[in-house]
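This report presents one protein to a reader who is new to structural description. Please look at the sequence and the model before reading on.

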Amino acid sequence: MDAAARSVIKVRAYKGTKLLKDASGLVRDDFEYGTGFVVDENLVATAKHTVVYEDGSHARSVQCWSTAANRYEGCAVVYASPDRDVAVLWFPNAPKTRVSLRPDAAPPPRGTLLITGFPDVPYGRPRLMVTPGDLLEWNTESPGAGVLRERKNLAATDAFALPGCSGSPVFSAEQTVIGMVVSVVQDAEGEWNGTTYFVKAADLLPAVKAAHAAVAKKKGYEFLER
């Protein structure tokens, strides 16, 4: 698992600035945090809602954590799906290790899923979290996922995830990626309610293909048509 984990990175998107609630006049950076993983050379898959928001606005800038440099470095969104919570980033300093996608994967047996992601810890060094779990459903619909135009045909697991883990790869026992986390459902108190939803690998391959086409057209430094 150590080798596969090297492909997983932390993503943050700069949304703008926000006044502190005490109206002190001070401002703080306003970031959205997520996780991504290397799917091809310099290409990182992540959850769309980390970089594109429900009102259609886009992050002002996107950065990926470089383990080698021990800092965030610039990247760019080269593809954002119109109907799935999937985006692909161009990250020139992405790790060389990449995952293997299994779009034809059958529903895995119980007890063999692993979610590998970065919880939202804005002011500390990113710390990778790996949590095992069972598959709950292979075809289901996610509640409360407003950023998904198409909420059906998702899978669900009881593997623990936190905010910041959106975009995390879901590994099988063979260490291939069978999906990506898109929704961490919370209860009324904001606590994880026991269910994490993910898109399947079959939704990721078309995004990677579209990202390659965008880079070939030299659109790798900006969002696609808005």
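The model is predicted, so local features need pLDDT of at least 70 and side-chain atom pairs count only at pLDDT 80 or more, while totals for chains, interfaces and linings use all residues. Residues are numbered from 1 along each chain as its sequence is written, and side-chain values use heavy atoms, with hydrogens and water left out.

**Overall make-up**

The protein contains two helices and 13 strands. Both kinds of element are DSSP runs numbered from the N terminus: helices are H or I with at least four residues, and strands are E with at least two. Of the 226 residues, 51% are buried. Here, buried means under 20% relative accessible area, exposed means over 50%, and partly exposed lies in between (1.4 Å probe, protein chains only). The accessible surface of the protein is about 11,200 Å², and carbon and sulfur atoms hold 49% of this area. Such areas come from the Shrake-Rupley method with a 1.4 Å probe; for residues, only the protein chains shown count as cover. Among the contacts with a separation of 6 or more, 62% join residues 24 or more positions apart; a contact means heavy atoms within 4.5 Å.

**Helix 2**

Helix 2 comprises 16 residues, 201-216, and spans 23 Å from its first C-alpha to its last, close to the expected 22 Å. The expected span is 1.5 Å times one less than the number of residues. Which residues of helix 2 are buried? They are A201, L204, A207, V208, A211 and A214. These residues lie on the same side of helix 2 because they cover an arc of only 120° around the axis, where the arc is that of the directions from the helix axis to the C-beta atoms. On the face turned away from the buried side, helix 2 carries the exposed residues K209 and A216.

**Two loop residues with positive phi**

Most residues other than glycine have a negative phi. N42, which is not a glycine, has a positive phi of about 65°. N42 is placed in the loop between strand 2 (27-40) and strand 3 (43-46), and its relative accessibility of 19% makes it buried. Q175 also is a residue other than glycine with a positive phi, near 65°. Its loop runs between strand 11 (169-171) and strand 12 (177-186), and at 33% relative accessibility Q175 is partly exposed.

**Salt bridges**

The structure holds four salt bridges, each a side-chain nitrogen of Lys or Arg within 4 Å of a carboxyl oxygen of Asp or Glu.

| Pair | Distance, N to O |
|---|---|
| D40 and R98 | 3.0 Å |
| R71 and E73 | 3.3 Å |
| R102 and D104 | 2.9 Å |

D40 and R98 form a salt bridge. This pair links distant parts of the chain, 58 residues apart: D40 belongs to strand 2, and R98 to the loop between strand 6 (87-90) and strand 7 (113-117). R98 is partly exposed at 42% relative accessible area. E73 is buried at 11%, whereas D104 is exposed at 59%.

**Cysteines**

How many disulfides does the structure hold? There are zero disulfides, a disulfide being a pair of cysteine sulfur atoms within 2.5 Å. The cysteine sulfur closest to that of C64 is in C75, at 3.2 Å, which is too far for a bond. C64 is buried, with a relative accessible area of 0%, and C165 is buried with a value of 0%.
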